[in-house]
Amino acid sequence: LLAAGRRRPLEAEDVPALSQEDSAAHTAGLLHAAWEGEVARRGGRDASFFGAAHGAFGRYFWASAGYKLVNDVFIFVNPALINVIVGYINGDASQAGLSRGGAFGCAAAMFLAAEVQSLALGQYFFRGFRLGLRVRAAIGQVVYDKALRMTAEQRACFGVGPIVSYMQIDAAKIADAVPYLHGIWSCLLQLGIATSMLYSVLGPAAFAGLGIMVAMLPLNVWVGKKQAVFTKRIMRARDGRVSLISEVLQGVRMLKLFAWEPPTLAEVRAKRAVELSALTRGALFGTVSTFLWGAAPIFVTVATFALFAAVSPDPLTAPKAFTSLTLFTLMRFPLNSLPNQITRVIDLSVSFRRLTKFLSAEELAPLPLDAPLEQPPALRPPSAAAAALRLSAAPPPVRAAPSSPLEEAQ
């Protein structure tokens, strides 16, 4: 494909066909069947869109967790090897038995560990984004099919704007979050391994950082709840704006005919102002939360080294310092990512509830397509009396107007 693109512009025939598993028809069929099974198992009122999505795509989703686990394990190979190499260079007695070849072997092992980690992480994100595209296509198709089967009352109750929002905004939000959902347990695993390794290097001082993280958990919960409130406000304001713009586009001829442009434009601007206000408040709150979580690794590092200097009789050697700094660097990502993962899950719960409410709406009764059609009665040929009556009742033929006095005299 690259060679063909180098010679000439690519055409549709050059691009390989999409696999069956990635087609919208296949993914929508899986999600629709899973939703029907969820409704049959739990009932229409208790059915959950999350359960249907998990039933349709859960196996592929959890299969990707193995690659994330390999990445998380090999992340901590380098700090252990750094401790060995720096100790060997520093001439520590603990590394007296390590030869020069062993030190070069540790350096080569660091390279191999980084390669394995990179390959596992690349494969994990490839599968995650691929699954996200499948979920997005399936949600858009299922929502569109549901809109066609809904009753007129239910369709008017939801409106065009929210339905378009379900197909575009909610589907995109879920698809964008799919590659990062394994980060919840991954962050906890990385924090646990890093804390245990820090304890083996620094002793009880390592629990200073763990204490700070535990103390910030209630703040995480509060931030998540506030983020959910802002998300609901933003989605409600966005639905109102999209619904109004859809009505304006549908009735644009009437607006032009009656010269209603100024009041309509004022109403659209008012809806947009409400949406921008909700977006601004959500962005300001997100900025404050991002600052707090960005400063958390610094707090953890300072507290840990301060406690080690206060309670430990051993000096802070180069192997301990380099290994601890490497572990603190590795802890920065889970510390920053865990609040975002919690916020993402809360945002997804809002989208899942919206889609569950929409898919649970009343539908039109299905037509019995397999029922036998009634045959119309056979037509009988008219009788001779009926034909004579029809001829006698026919009006006399109309003559054309004369074109000359001679024709009129005739």
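How much space lies in the second largest pocket? I found about 300 Å³ there. I worked on a predicted model, in which local features need pLDDT of at least 70, side-chain atom pairs count only at pLDDT 80 or more, and totals for chains, interfaces and linings use all residues. Residues are numbered from 1 along each chain as its sequence is written, and side-chain values use heavy atoms, with hydrogens and water left out.

**Entry 1: pockets**

I took a pocket as an open set of points on a 1 Å grid over the protein atoms alone, where a 1.4 Å probe fits, with protein on both sides within 12 Å along at least five of seven lines; lining residues have an atom within 4 Å of a point. A volume is the space filled by probe spheres set on the points, which are joined across faces, edges and corners.

The second largest pocket has 21 lining residues, and K68, F125, Q190, F333 and S337 lie nearest its centre. I noted that helix 14 gives the largest share of this lining, seven residues. Helices here are DSSP runs (H or I, at least four residues), numbered from the N terminus. By class, I counted nine nonpolar, nine polar and three charged residues in this lining. Nonpolar covers Ala, Val, Leu, Ile, Met, Phe, Trp, Tyr, Cys and Pro, charged covers Asp, Glu, Lys and Arg, and the others, Gly among them, are polar.

The largest pocket has a volume of about 420 Å³. Of its 21 lining residues, F50, H54, F61, L181 and F352 are the closest to its centre. Helix 3 supplies the largest share of that lining, eight residues.

**Entry 2: cores**

I next looked up the nonpolar cores, sets of buried Ala, Val, Leu, Ile, Met, Phe, Trp, Tyr and Cys residues joined through side-chain atoms within 4.5 Å. Buried means under 20% relative accessible area (1.4 Å probe, protein chains only). The largest core has 32 residues, and L31, F49, I139, I174 and F358 have the most contacts inside it. Two or more of its residues come from each of helix 2 (24-42), helix 3 (49-63), helix 6 (100-149), helix 8 (160-177) and helix 14 (318-359). Apart from it lies another core, of 19 residues, including A194, L202, V300 and M331.

**Entry 3: helix 5**

I found N78, P79, L81, I82, I85, V86 and G87 buried in helix 5. G91, with a positive phi near 80°, follows helix 5.

Methods:
Buried means under 20% relative accessible area, exposed over 50%, partly exposed in between (1.4 Å probe, protein chains only).
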